[in-house]
Structure formats: C-alpha cells, structure tokens
Amino acid sequence: MAKTTAGGASRRRVLRLAGGGLALAVLGAGAAGCREDDADRPAAGGDKPAGSKDPSAGGDGEDGKAPKALWSQSVPAETYGDNDELVAVAGMVIASGSPLSARDAATGKERWSLPDGVAPGAPLLLGDGTLYLASGKYDGTVSGYDPASGKETWQGRLGKEYRQPRPIAVDARQVYVVAEILEKDNSSHTNLIAALDAGSGKIVWSEQRDLGTEQNGIHAAVQGRHLVYTDFKKNLTVRDTSTGRQVWTQKTEKTNYGFFTVHEELVIVPQGDRLHAYALADGARKWTVKAGHLTTFKEPAVVDGVLHIADTARTVRALDPATGKELWQSKALAEAGFQVPRQYVKAGTLLCVATDLDKDGGVAALDAATGELRWTFNDGTGDHHSWLVATDGKRVFALHGKKLHALPV
C-alpha cells in the first residue's frame, strides 16, 4: 500500500470511497485462512525503540521490545483501514469480514460467526450493548446483535424504495443510516439519511440529502442532540437528532477524507496544516492549531479526555480538546523511524497507535502522559493492509490484513 503523502489520500481511503458495498477481491488475494481453533505461532516483537528509557515498559517485553503476542490467529477479515472495522466488546474481539467472526479476547478461539458477515466497508457500530451491522445479504435491512453470543436482537428496514441502508452512527435512542433512493428504473441518483428507533426499528425521521452527495465515504458521530458527519466532497454537516433538521453545514477548506472527532460541544476537524474546532450549536470556530512547516495534520482522536493527533512529520501532539492547548509533543516516532499513526487507543498507561501499511509501520506504544516511545510491534508479514487496533483494557488487539494479534498491556 502506498504511503500517505501531504495533501494526498492514502490507498485505503481511495478503496473505501470506491468500494462502498462492493467486495474488492484483490484485498484478500494471497491471504491464508485457518480452522476455527487453529492458533498460529505468536508474532515476534519489534526492535528496541530509539529513546526508550524504561526496559520494563510494554507488558512482558524485554529491553524495550514489544511484548510477545498472547495469541495470534488468522481471521476472515475484510477491512479497508477505517477505525470502525475492529471492535473489542463483551469479552470478544470482532473484525469486519465475511463470515463475521467473533474471537474470545483471552484465547483467540472463535466463539460465534455470521455466515453472511457484514457488507464490505460498512462499520461495526456499538451502542447500548448492541452491535449494529449493514446486512451482507444486501436485502435492505440493518440488524443489531448481541456481541457476546452473535444472536440477532434488533432489525430495522427502510422499505423497498431504498437500497443498501448502511448504519453510520448510533446512540441510546436511535440508529442513523444512509441509503440510496431508488428510481422506477432501479437506478439511483440521490440518497437519504434517516434515524431508526433503537427499540422498534421504525423510521423516526428521514431527510433527502442534496443532489450530488454520496452514501459512501461518510464518517459520522453523535454528540448529545447533534449528529455530525463529513464526506469526501468537503462537506461538514450537523443535524438535530430528534427531527433530522439540518442545523448547519459548511464546506471545509480542504478535503479531510472523513477525519474528525467530537468533544462535548465541539467538532474538531483537520484541514491541511490547520486543526479547527467548531461549535456544534452554530458552526462558529472556537480555536485553531497550526502544524509545523510543510506538514499536514492526519486523523484526530479524543481518548480519555485528551485530543491526540499526528502530522506528516510524524510528530504526535496531545492537546486539551476544549481549548487546543498543547499538553505534550513527541517526536519519538520520527526519531525511531516509525510511520505516521492514524488510530489511537489507551490501555493502562500506554497510548497505542496504529499506522497504514509500511515496512516500518505497525503498532507503537507511547507513554500516555509524556509521549515517550515504549515499544513497537510489526508481524513481518508484509501484508498490504493498514493496521487496526482495539483494546478491552486488559489487552491490545492488532489486526493486520487477516492476522489478528493480542498483545498484553
């Protein structure tokens, strides 16, 4: 996979945009599967990171190396590198794919699977103890499952006049979906966004989106009474969750490929070399942070009340999301020759980050309080997929193509 360059889209983003509901067979080419309980040999840890001063950091790692994997399994994953394609919940770790396979977080053994899986490129959404999926059957349904057992507990359907409804966000009351609006000749030129009741599955509201918008490539989040979403056409839109009414929308200065995060009453969006925070209530800009010379910001995440973001110079910043004030800045990844992180999870005192595919990428663990590099991990497979991480607080799960690893915290 090509590296991400300043101002350009990585290959995973192009695939996500182009793929939509289509399976891209090339992504699975050459990957080997295994039987349900067949465990692979644990992957080796990475080399000692530059600047690591604590030899005991990183679980059972020695001399600053990554800890050995607790277990490693081959899984039927079909991912495009977005952060919502790997989840850890209810004692399970689940990667998007067909079949959809849920592994025991402690042992890696398969506990349940869904033969039809999830539509490629659709997110795994968790809300109020339910896992919501776009159906792999392409039958117009959105389903909810008990993540511990895999049993279906909820179903919503827009109707035959709509095609391929895909969940984009969820809260305790509603599931938010987008779908194509079918014409009489079965073609589609427009799409809608709708809210389905999380209890009954019935439509609460639906709104047709503007002509020219697309249902694929949407990144969304719910914050209080606001539904926030972006797309690849430089749109940032906020709707009222109760009525579907558009509160405000604006064009971003540069396309951000769906990258944003929310915190309390703010939506935080990277736009080239600037990181902007807007008020959810009216879109007013509240603060701005500028990247270094000739660098651009990548994907942001608020983790445990702290905003984390990296730039193309491989500098990682921890910021106060309310004000944009810098808490710490780390150049440890650049000094270690590690690649730009694009996903963040916190496990214990570690901030674990994942990169796009690169021979020098993988998963790195930073001290969450200082940004100091503790260890790096790469399975050495050379697979062309991006890395994804998730955590249950006890372990960090790293997915790379069809290889899933559990690392101790």
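1. Tyr278 is buried, with a relative accessible area of 3%; buried here means under 20% relative accessible area, exposed means over 50%, and partly exposed lies in between (1.4 Å probe, protein chains only). This is a predicted model, in which local features need pLDDT of at least 70 and side-chain atom pairs count only at pLDDT 80 or more, while totals for chains, interfaces and linings use all residues. Residues are numbered from 1 along each chain as its sequence is written, and side-chain values use heavy atoms, with hydrogens and water left out.

2. The chain has two helices and 32 strands. Both kinds of element are DSSP runs numbered from the N terminus, helices being H or I of at least four residues and strands E of at least two. Of the 409 residues, 56% count as buried. The chain exposes about 16,600 Å², of which carbon and sulfur atoms supply 48%; these areas come from the Shrake-Rupley method with a 1.4 Å probe, and for residues only the protein chains shown count as cover. Among contacts (heavy atoms within 4.5 Å) between residues at least 6 apart in sequence, 46% join residues at least 24 apart.

3. The structure holds five aromatic pairs. Rings of Phe, Tyr and Trp (its six-membered ring) pair if their centres lie within 6.5 Å; planes under 30 degrees apart count as stacked, over 60 as edge-to-face and the rest as tilted. One of the pairs is formed by Tyr176 and Trp205, which are tilted, with 6.3 Å from centre to centre and 45° between the planes. This pair links distant parts of the chain, since Tyr176 belongs to strand β11 (residues 174–182) and Trp205 to strand β13 (residues 203–208), 29 residues apart. Both Tyr176 and Trp205 are buried. Trp248 and Tyr278 form another tilted pair, at 6.5 Å centre to centre and 55° between the planes. Here too distant parts of the chain are linked: Trp248 is in strand β17 and Tyr278 in strand β20 (residues 274–279), 30 residues apart. Trp248 counts as buried, at 8% relative accessibility.

4. Which strands make up the sheet that contains β17? It is an open sheet of four strands in the order β14-β15-β16-β17, with antiparallel pairing; two strands pair if DSSP finds at least two bridges between them. β14 and β17 (246–251) stand at the edges with a single partner strand each, so one side of each is left without a neighbour in the sheet. The twist averages 15° from one strand to the next, where axes are lines fitted to C-alpha atoms, for helices over the stretch in contact, and angles run from 0 to 180 degrees between N-to-C directions.

5. Within that sheet, five bridges join β14 (residues 219–223) to the antiparallel strand β15 (residues 226–230), and Ala221 stands opposite Val228 in β15. The two strands form a hairpin with two residues between them, and Gly224 in the turn has a positive phi of about 60°. On the next pairing, β15 is joined by five bridges to the antiparallel strand β16 (residues 235–240), where Asp240 is the bridge partner of His226.

6. A further open sheet of four strands has the order β26-β27-β28-β29, again with antiparallel pairing. Its edges are β26 (341–347) and β29 (373–377); each has a single partner strand, so one side of each lacks a neighbour in the sheet. Neighbouring strands of this sheet are turned by 20° against each other on average, direction ignored. Six bridges join β26 to the antiparallel strand β27 (residues 350–355), with Pro341 opposite Thr355 in β27.

7. β30 is mostly covered, with four of its five residues buried. Five bridges join β30 to the antiparallel strand β31 (residues 395–400), and Leu399 in β31 is the bridge partner of Leu388. The hairpin of β30 and β31 has three residues between the strands, and Gly393 takes a positive phi near 90° there.
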